[in-house]
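Subject: Structure handover

Hi,

Here is the structure I promised to pass on. Have a look at it first, and my notes on what turned up follow below.

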Amino acid sequence: MEVLFNQDDHKNIWLEDYGHGLAVQANQHMIVHKGQGLILDPGGHKAYKQTITQVAGLIKVNDLKYLFLSHQDPDIVAAVNGWLMTTDAEALCSKLWIRFVPHFGVDRLVEHRLKPIPDDGMWVNLGGCELVILPAHFLHSVGNFHLYDPTSKILYSGDLGASLGMDYAFVTDFMTHVPYMEGFHQRYMTANRALKAWAKMVRTLDIDIIAPQHGAAFKGRELVQQFIDWCDNLACGLDLIESVFKVPARA
Ligand code: FE
C-alpha cells in the first residue's frame, strides 16, 4: 500500500497488489475524503476479496460511496456485482456500457446503483470534495473516462500510460520506461487524433501524478509532461493499420 497524498482529511491510496497468475497486473486506487471513499477500477474476481479487505481497513465499508469504472473491460468491471452487493456504493460507468455491464451478472436488487456517466464527463462530490470525470474516449474504449482529483493533483488515467513487465512502481527515467508501454499503446489506443485531443485537455490541468491502471506511475511535473508529450506524438491504432491488414502467411 502506498499513500500518494495525505492532507487535511484527504487521502489518495494505491492499494496493495497481490499477484494474479495469468491475469494481467492491475492497480487499484482509492480516494478517501472525510471518511468517505471512492475506488477506481476495482478489478475482477481474483482481486475482489483482498481489495475489499483493504477498503475495510481504511474506511467503514458503508462509507464507500463510489466505484469508478473507467471502461468496460473485465479487469475493471468483472466483480462489480460483489461490490454492489457488499457495499452501498454507486458504480459509475460510461452510458455506452451501462447495458453491457449487467452481463457480468448484476443482481436485480442492486442494478439501480449502476449509474451512467454522460459522454462529456461530470463532477462528483465525495464527502464535500469535488472530483472530475474527464472524457477519454477511444483511449482505448469507445466509452472511456479518466478521473482527476484537484486536491491531490492526481490524474487517474486508466489504460492510458499502462506498462507491463518492469519491477518498479514509479517511473524514474522516461526513455528507459518507454519500451514497457510502447507496444501496448500502439495496439490498444485508437489513433493519434484521440491522444492529441486528450493531451490538449489535460494540459489545462495542474497535475503532480499520473496513475495508470496497470504498471508504474508518473510522479513529478517533469515525468508528467514527458508522458503527455509522448502521447501527443505517438502513432497508434488506426495510424498503423495498413501494416496490420495483410493475409497471414501459412504456417
Ligand atoms: Fe482496458
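Let's start in the sheet: Gly158 stands opposite Pro212 in S12. Strands here (E, at least two residues) and helices (H or I, at least four) are DSSP runs, numbered from the N terminus.

Before going further, a word on the source: this is a predicted model, where local features need pLDDT of at least 70 and side-chain atom pairs count only at pLDDT 80 or more, while totals for chains, interfaces and linings use all residues. Residues are numbered from 1 along each chain as its sequence is written, and side-chain values use heavy atoms, with hydrogens and water left out.

Back to the sheet. Two strands pair if DSSP finds at least two bridges between them. S10 and S11 run antiparallel, joined by three bridges, and Asp149 has Ile154 in S11 as its bridge partner. S11 and S12 run parallel, with four bridges between them. S12 and S13 are antiparallel again, over two bridges; here Ile209 is partnered by Lys219 in S13. The hairpin of S12 and S13 has five residues between the strands, and Gly215 there takes a positive phi near 80°.

Strand S12 (residues 209-212) is covered on both faces: Ile209 and Ala211 are buried on one side, Ile210 and Pro212 on the other. Buried means under 20% relative accessible area, exposed over 50%, and partly exposed in between (1.4 Å probe, protein chains only).

Next, helix H5 (residues 192-202). Its buried residues are Asn192, Ala194, Leu195, Trp198, Ala199 and Val202. They span an arc of only 155° around the axis, which puts them on the same side of H5; the arc is that of the directions from the helix axis to the C-beta atoms. As background, an α-helix has 3.6 residues a turn, so residues three or four places apart point the same way. The exposed residues Arg193 and Lys200 are on the face of H5 turned away from its buried side. And what do the buried residues of H5 pack against? Strand S10 (145-149), strand S11 (154-158) and helix H6 (221-233), where contact means heavy atoms within 4.5 Å.

Now for the metal. The iron ion is coordinated by His71 (NE2), Asp73 (OD), His140 (NE2) and Asp159 (OD), at 2.0 to 2.3 Å. Donors are N, O and S atoms within 2.8 Å of the metal (3.2 Å for Na, K and Ca), and sites may look incomplete because water is not among the atoms. His71 lies in the loop between strand S5 (64-68) and helix H2 (74-77), and Asp159 in the loop between S11 and helix H4 (174-188), so the pair ties together parts that are 88 residues apart in sequence. Both are buried: His71 has a relative accessible area of 1%, and Asp159 comes in at 3%.

Finally, the cysteines. A disulfide is a pair of cysteine sulfur atoms within 2.5 Å, and by this rule the count comes to zero. The sulfur of Cys236 is 8.7 Å from the closest cysteine sulfur, in Cys231, too far for a bond. Cys236 is buried at 0% relative accessibility, and Cys93 is buried with a relative accessible area of 0%.

Cheers
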